[in-house]
Amino acid sequence: MSDNKHTGRGFAGKGYYIALILCAAAIGITSYVYHRNSQKIEEVSLQETQVEDVLAGTMGTEDVPVLATEAPTQSTAPATQATAPAATEKKPLKTTSPVSGNTISGYSMEALSYNQTTRDWRVHNGVDLAAEPGTEVCAAADGKVYTVYEDDAMGHTVVIRHDDGYTTKYSSLSENVLVKAGDTVTMGQVIGYAGDTAIVETTLGSHVHFSVTCNDEPMDPAEFLALGE
Ligand SMILES: [Zn+2]
């Protein structure tokens, strides 16, 4: 009996130690597994924050705009350099002022100028050349009449197209216009007479509002007239 008890206690004692070792092993494995999992979670959460940064643009937008801003300036800069000399060097136009009067209101597309008639500040896409009523107005260069019309604001108007993408426009003319759409005109040919039909410029009196575009972009008429010098 005593042997049985002894062996029973011995068994119980061994079982106790085995249980202890198993517990320790279990704790060790559990902590190892937990540690590994937490590492994985950290790695995953790091990747997620990186993805979020890219999506939110905190990483991506810093890179993309640099490329985007550099690309257009590189591509547009040579293009403008290439077209500008070609337009002026190719075939210079002969030009002349449509009337010989003084400039009473200058070209101002980049800054607002005060308009005495409308009493507000606005851009001015041409020059106003003083001319007595009935003064002959002539074509500033060889070309073809594109249109003749009466503008609500600028009065009787003639538009002439020229080589190299230039267009000249003559406004505030009297109603006695001498050309019509489709007519071929030569530099200095009389196309009409100075008047005061531009309602938005009546305080200037009789004059010609002369404007020029190159490839549909407004340009200073003085620069256009300088081409023919
Ligand atoms: Zn004007």
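Biologist: Where is Asp216 found, and why is Asp216 called exposed?

Modeller: In this predicted model, Asp216 is found in the loop between S11 and strand S12 (217-219). A residue counts as exposed if 12 or fewer other C-beta atoms lie within 10 Å of its own, and Asp216 has 7 of them, so the label exposed applies. Asp216 also has a positive phi of about 70°, although it is not a glycine.

Biologist: What makes Arg119 exposed, and what is its phi?

Modeller: Arg119 is found in the loop between strand S2 (108-115) and strand S3 (120-124). With the cut-off for exposed set at 12 or fewer, the 8 other C-beta atoms within 10 Å of Arg119 place it in the exposed class, and therefore the term holds. Its phi is positive, about 55°, and Arg119 is not a glycine either. A positive phi, near 65°, is also taken by Asp164, in the hairpin of S7 and S8, which has four residues between the strands.

Biologist: What makes S1 and S4 a pair?

Modeller: Strand S1 (residues 103-105) and S4 have two bridges, antiparallel, and because at least two are required, they count as paired. Thr103 stands opposite Leu129 in S4. S4 pairs with S11 as well, over five antiparallel bridges, where Gly126 has Ser211 as its partner in S11.

Biologist: Why are S4 and S8 described as mostly covered?

Modeller: A residue is buried if 20 or more other C-beta atoms lie within 10 Å of its own. Four of the five residues of S4 are buried, and in S8 seven of eight are buried, which is the basis for describing each strand as mostly covered. Across the protein, buried residues make up 22% of the 229 residues.

Biologist: What makes a set of residues the largest nonpolar core here, and which residues have the most contacts inside it?

Modeller: Membership requires buried residues of the nonpolar kinds, joined through C-beta atoms within 7 Å, and the largest such set has 21 residues. Those with the most contacts inside it include Val137, Val158, Tyr170, Leu173 and Ile191. The elements giving two or more residues to this core include strand S4 (126-130), strand S7 (155-161), strand S8 (166-173) and strand S11 (207-214). Leu173 touches, among others, Val137, Val158, Ala194 and Val208, not counting residues up to four places away in sequence.

Biologist: How do you know which parts call for caution?

Modeller: The mean pLDDT of the protein is 77, and 60% of its residues reach 70 or more. Over residues 1-8, however, pLDDT stays under 50, and the model has zero contacts there beyond four places in sequence. Residues 40-80 also stay under 50, with four such contacts. Where pLDDT is low, the predicted coordinates should not be read in detail.

Definitions and conventions. Residues are numbered from 1 along each chain as its sequence is written. This is a predicted model: local features need pLDDT of at least 70, side-chain atom pairs count only at pLDDT 80 or more; totals for chains, interfaces and linings use all residues. Two residues are in contact if their C-beta atoms, placed from the backbone, lie within 7 Å. pLDDT is the predictor's confidence in each residue, from 0 to 100.
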